[in-house]
Amino acid sequence: MKFIEDIEEDPLIAKPMSRLVREWSRTDQDDSDGYRKHMADYHRTIRRRLFFIVMCVVVTVVAAGYAIAYGPLDISFADTYITIWNHITGNVQNAGMDFIIVNVRAPRIVAGIFGGIGLAVCGAVLQSVLRNPLADSYTTGVSSGASFGATLAITMGLSVVNSTPTVIMAFVFSLLPIVAIILLSKHRSASSPTVMIMFGIGLMYIFNALTTVFMLWSSPEDLASIYQWQVGSLAKVTWDNILYMAAVVIVGTIVIQILSGKLNVLATGDDNAKALGIDPHRLRVFLLAVTGLICAGVVSFTGVIGFVGLVTPHIVRIFIGADNRYLLPASALFGAMLMVVCDLLGRAVLDPAVLPVGVVMAFIGGPTFIWLLVRKGNSAW
Amino acid sequence: MASISEKLSGPERPLPDERKLDVDEISDVVIEMKDVSFGYGIGETVIRDINLKIDRPGLYCVVGPNGVGKSTLIKCMSKIENLSSGDILINGRSIRTMRHKDVAKFIGYVPVVSKDVFSMSVLETILIGCQNRRSGDSEESKMKAVYKVMVLLNIQDLSEKLFSELSAGQHQKVAIARGLVQKPRVLILDEPTANLDVKYQVYVVELLRALAESEGMIVIMISHDLNLSAKYAHEVIMMSPPGVIYKVGPPEDVITKENIETVYGVHCKVIEDDGAPVVILGQSMMDEFGNID
Ligand SMILES: Nc1ncnc2c1ncn2[C@@H]1O[C@H](COP(=O)(O)OP(=O)(O)O)[C@@H](O)[C@H]1O
Ligand SMILES: [Mg+2]
């Protein structure tokens, strides 16, 4: 008598149950109509997500054109693209226009695109890694660290805004909180995601307090520079800066995308991750390090830009769900779109006054976000 | 395979006649816990001196009072916690030298169902269970495996729903599906019948028993329901304070009046129904101050 034959005779098991189990155990492959319908549904979902991603790209490209065309000297939308095309193909026809578009206006827009990608991806990853909807570059202390670094550089008279010492100081100090969180997590009692984020918030307050102290001691001119740095701006980013920024953002984003399937597992909890063959601690530390670098690579050039990192992933989740394999690229492109559009609006709406991109994003994105939350309920998280 | 032949010559646990297993019915995964102790903090011991050998397919129910270390025991088995002392051998190999990945090839672990912070669809949630499939596996074959397991649990119509939108019974089904999608030879579940009504309770244990019998799997589940365990389990593992295994064996040997009164401190009567013990609870054993511990 073997178990395998027993099952039919076992009075404790309903007949349909034994049939189902037997059918399942026979093979784990399937070609039934049910499966085909199921796959069709799944592919429809994926197409919807890809459509969302493509739309973000289209809007970004169009908005980028308008953003470059917009300025004191009127350039048409078509001319903008023609000039860029000519520049790329090495066939410059109008040197003046080429200079304005490529060297004066484009850096701001390109910085917006890479900044948006970097900050949005960081937000999405941090939220999954720390399993906390409030995780972003602020609540992990990265932004405050960067602020403090920049403030230090400015008040010590090392530089005017955006020159190399400020960038380097901002970069170094923005990495400190992540390094501290990683070191702290070596202690078993402090390795939980919630403790990590509370530690990040603690660091945020410490750095903010230090920044305030230095601001109290600084001259009015320095104060203005510091203030400008703290609200963030795309205005002063140069092509040289963009080279570094883009390199960090592109490499980091690709690395994270490769790990997005594992990130899904990590987001369901450490026990689950271990049970599915992943070392959660190592993965978390690695992802924190990569996001820390991306984030530092962006904010040390642009200053602290709020909103995009925290809210973009939430908006994108409402549209395409929480699967990180799609959430990450979609957030990246949605973030880029948001930055370009809001920077354009910030220059256009109150012309000639310029609103910082972070402020515009908060004005437009904030109410939209709240409306989406209310309309959709909280079922996505 | 050496460990299996070793096992054949080893002492056999007596089984009642109607549940007697064939001698060659030895599972292809053998789990052996040797003097295992574990504590979460330094100097603390939650489970101690655990010696347990599981080498036959079947449904094993772990019972015992709250906080006695049932969850801890199964977490040690799945390498979710690292042992403080002793060793666990999986097919003769020490769990200490295995990576999470290696353990996951044998053991599927289904934790207590909890809501994830960011909810994915049912399909994506189950797909996560494919994480450790052979790397050569195509997306297509993963999707087929996911579909098959959804059919097994009759949740294929829920595939697009968000996990957070499901009922408790559906949550449990999805959690089990995620554990089963890789076809592990050992499935370990933490309180899979908690929060379920009787319909789903019976469904879940019937399914687990059927998996053990028809697939020859080792299925280990924690349960607080003594009667459910007594009726459906092939063997019951009863734990008692301070984190030790009090008795292991077929239900009629373990679910007895004396054992329950000793371990749980509750007066009871145990009758027999269809070969399985049935517990009828009586008064608690309070001291004169109302203390039950
Ligand atoms: N993550 C943890 N950290 C510290 N102590 C824990 C943890 N999990 C459980 N414990 C302690 O270990 C003991 C056993 O817990 P557990 O295995 O969950 O019991 P059971 O599942 O039998 O109810 C309890 O005293 C509990 O307080
Ligand atoms: Mg428990």
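A polar contact is a pair of N or O atoms within 3.5 Å; within protein, one must be able to donate a hydrogen and the other to accept it, and residues adjacent in sequence count only if both atoms are side-chain atoms. An oxygen atom of ligand 1 and a polar backbone atom of Val68(B) form such a pair, 3.3 Å apart. This is a predicted model, where local features need pLDDT of at least 70, side-chain atom pairs count only at pLDDT 80 or more, and totals for chains, interfaces and linings use all residues. Residues are numbered from 1 along each chain as its sequence is written, chains are lettered from A and ligands numbered from 1 in the order in which they are written, and side-chain values use heavy atoms, without hydrogens and water.

**Ligand 1**
- Residues around ligand 1 include Tyr40(B), Val46(B), Gly67(B) and Lys70(B) (near: a heavy atom within 4 Å).
- The shell has four nonpolar, five polar and one charged residue (Ala, Val, Leu, Ile, Met, Phe, Trp, Tyr, Cys and Pro are nonpolar; Asp, Glu, Lys and Arg charged; the others, Gly among them, polar).
- A polar side-chain atom of Ser71(B) is 2.6 Å from a ligand 1 oxygen.
- For a side-chain N or O atom of Thr72(B), the distance to an oxygen atom of ligand 1 is 2.5 Å.

**Helix pair**
- Helix 2 (residues 15-26) of chain A and helix 5 (residues 139-152) of chain B have axes that come within 9 Å and cross at roughly 170 degrees (axes are lines fitted to C-alpha atoms, for helices over the stretch in contact; angles run from 0 to 180 degrees between N-to-C directions).
- Helices (H or I, at least four residues) and strands (E, at least two) are DSSP runs, numbered from the N terminus.

**Backbone details**
- Pro241(B) and Pro242(B) are joined by a cis peptide bond, with omega about 0 degrees.
- Pro242(B) sits in the loop between strand 9 (235-240) and strand 10 (244-249) of chain B.
- Lys183(B) has a positive phi, near 50 degrees.
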